[in-house]
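Have a look at the sequence and the 3D view first.

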Amino acid sequence: MPETKMISLTIEGRPVTVPEGTTILEAAKQVGVLIPHYCYHPGLPVAGVCRMCLVDVEKAPKLAPSCATTVADGQVIHVHNEKSLEARKGVLEMLLINHPLDCPICDQSGECELQDYTFQEGREDSRYREPKRFNPAEDFGGDVVYVPNRCILCTRCVRFMDDVAHDPALNVSERGDRALIGKFEGKDLTHPWAANVVDLCPVGALLSKDFLNKARAWELDRTASVCPNCTQGCNVIMETRENQVVRMRPRANEYVNAFFMCDWGRLNYRWMNEKSRVELPMVRDGANLAPTSWERAIASAASILHGKKVFVAASPMLSNEALFLLTQLMQSGAFRVVEGDEAPLPGVKDLALRRERAANVNGAEALGFRKSRDLLGGLAQGDVLVVAGEDLDGIDTSALGRASAVVVIGSVLPAGVTNAAVVLPIANFAEEEGTVTNLRGRVQRFTQARQAPGETRPSWLVLGDLLGALGQRSSFFLPSDVFAQLASSNKAFAGLSYDTIGFKGLPLATAEATGPKAPLAMGLTG
Ligand code: SF4
Ligand code: SF4
Ligand code: FES
């Protein structure tokens with residue numbers, strides 16, 4: 001491979017050396033200087049249309065758009081000198097000519113780049129006295145609504161649909177001060193990845209219908225997590241308000257999802273707020289299940305499992321930690337997975353909404369669970385059945401008759417189970433911490449976004465206590481302790497720990513090597 005030439009320059013007095021072809025804007029990021037920008041996005045081809053990123057390059061005759069200008073040896077660049085600031089102030093003034101001052105009722109308020117840069121370096125007042133242009137809001141289809149009055153015509157949305165989704169649906173219609181984003185005849189934003197335009201829009205011009213008027217940005221708590229809705233394992237930020245998950249947005253990870261997530265995953269979060277849950281540990285008392293203490297419930301479960309052959313019907317939504325602990329108490333285990341249509345995002349290599357709609361199909365298989373459409377097929381006469389995280393919806397429950405006893409470890413009572421001996425309530429995906437393994441064998445951490453209801457406990461804690469009551473090692477104080485034991489006992493997970501995995505994940509020792517998905521716009525090429 002030819003060696004990459006390195007270029008040295010100075011940005012705001014800070015020396016930096018970057019590969020040839022890097023833009024000034026990206027080079028500045030490396031020394032902690034954020035050059036204001038609107039049309040530039042590292043996941044899109046460069047357009048250079050907004051002029052917000054103008055900087056002063058010494059000896060150059062005029063200001064340079066830093067998103068579209070590559071670095072040169074010995075350049076001295078000023079981002080915050082008077083000349084650059086004055087130019088950007090002018091750009092902001094032009095953008096605000098027709099932009100309504102409706103921040104108090106705009107969904108983007110608090111996370112709007114127009115608000116931020118105007119506050120940072122815009123004019124204090126407007127010199128514009130004429131009435132502002134008005135265009136009505138338009139339903140763009142899918143989850144997207146367009147508010148043209150707020151649009152700054154950066155064309156990020158147009159480029160996403162053209163160059164990343166490969167489904168040209170949007171264009172710049174009209175010209176001059178009448179210009180706005182239009183839809184091509186007969187087109188709608190119904191592409192399975194179209195809602196990414198809402199995240200890409202730097203202002204409140206493209207909004208999510210699902211999130212509309214649900215919360216102000218500053219009321220949200222944000223948690224680094226992984227989308228649990230298919231085996232791709234896109235990195236996300238889970239946002240909660242008053243303990244309810246109200247929005248999921250993509251978190252950049254060049255090894256998994258670049259900057260994007262699909263609409264199915266994004267909008268499929270309501271189950272995490274499910275109200276009808278089992279909230280108390282319960283044991284059978286005659287014909288009924290009676291609430292009891294955790295100690296008694298764990299002791300009852302342990303006495304049922306002790307010395308018996310155990311079959312586990314597990315959910316592929318459970319974490320590696322929970323599945324690993326389940327393997328310690330079972331002789332055999334199976335899982336089933338809901339399937340749907342695969343939907344790729346053509347502009348990013350190996351990124352798709354996957355057919356298998358659960359987070360940890362790969363982890364379950366790596367840990368020894370068998371994937372089967374006949375979930376209870378492996379349940380032998382007289383086995384103890386442990387139903388873990390499975391709702392058994394649509395399953396032929398006549399097989400349950402083969403079990404000598406049923407122990408439920410879950411957040412809801414499974415369909416058709418009328419004779420559970422013990423019920424141990426566990427947290428759902430949004431309520432606990434753990435790891436999942438995606439379809440390429442990448443182990444990724446997720447963290448707790450909301451508080452679990454009632455006396456519900458994290459799955460790894462419940463299973464650790466249960467194993468303790470069965471006389472096995474159980475001194476787990478943290479999910480990372482469970483993971484450490486998993487890594488020391490399973491070759492595929494060898495060498496991994498919560499610290500090394502971090503929040504971008506690491507592949508299993510047995511996974512095929514996959515390179516990073518290079519952002520589309522590192523240089524000037526599209
Ligand atoms: S709708 Fe948003 S992303 Fe699209 S051009 Fe307008 S400001 Fe840019
Ligand atoms: S592709 Fe899969 S993991 Fe990614 S957002 Fe969609 S459902 Fe979630
Ligand atoms: S960000 Fe550089 S011209 Fe728009």
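## Around ligand 1

Sorted by class, the shell around ligand 1 holds eleven nonpolar residues, one polar and one charged. That shell has 13 residues, and the closest are Cys-151, Cys-154, Cys-157, Cys-201 and Ala-205. Keep in mind as you explore that this is a predicted model.

## Around ligand 2

Which residues are the closest to ligand 2? They are Cys-227, Cys-230, Cys-234, Cys-262 and Gly-265, out of 13 residues that surround this ligand. By class, the shell of ligand 2 is made up of seven nonpolar residues, five polar and one charged.

## A three-stranded sheet

Now find the open sheet whose three strands run in the order β6-β7-β10, with antiparallel pairing. The edges are taken by β6 (138-139) and β10 (206-208); each has a single partner strand, so one side of each is left without a neighbour in the sheet.

## A loop residue

Next, look for Lys-275, in the loop that lies between α6 (263-267) and β14 (282-285). Is this residue buried or exposed? Lys-275 counts as exposed because it has 5 C-beta neighbours inside 10 Å, and the cut-off for exposed is 12 or fewer.

Finally, pick out Thr-23, which is 252 residues from Lys-275 along the chain. The C-alpha atoms of these two residues are separated by 50 Å.

Methods: Residues numbered from 1 in each chain as written. Chains lettered and ligands numbered in written order. Predicted model: local features only at pLDDT ≥ 70, side-chain atom pairs only at ≥ 80, totals over all residues. Near = placed C-beta within 6 Å. Nonpolar A, V, L, I, M, F, W, Y, C, P; charged D, E, K, R; others polar. Helix = DSSP H or I, 4+ residues; strand = E, 2+ residues; numbered from the N terminus. Buried ≥ 20, exposed ≤ 12 C-beta atoms within 10 Å, placed from the backbone. Pairing = 2+ DSSP bridges.
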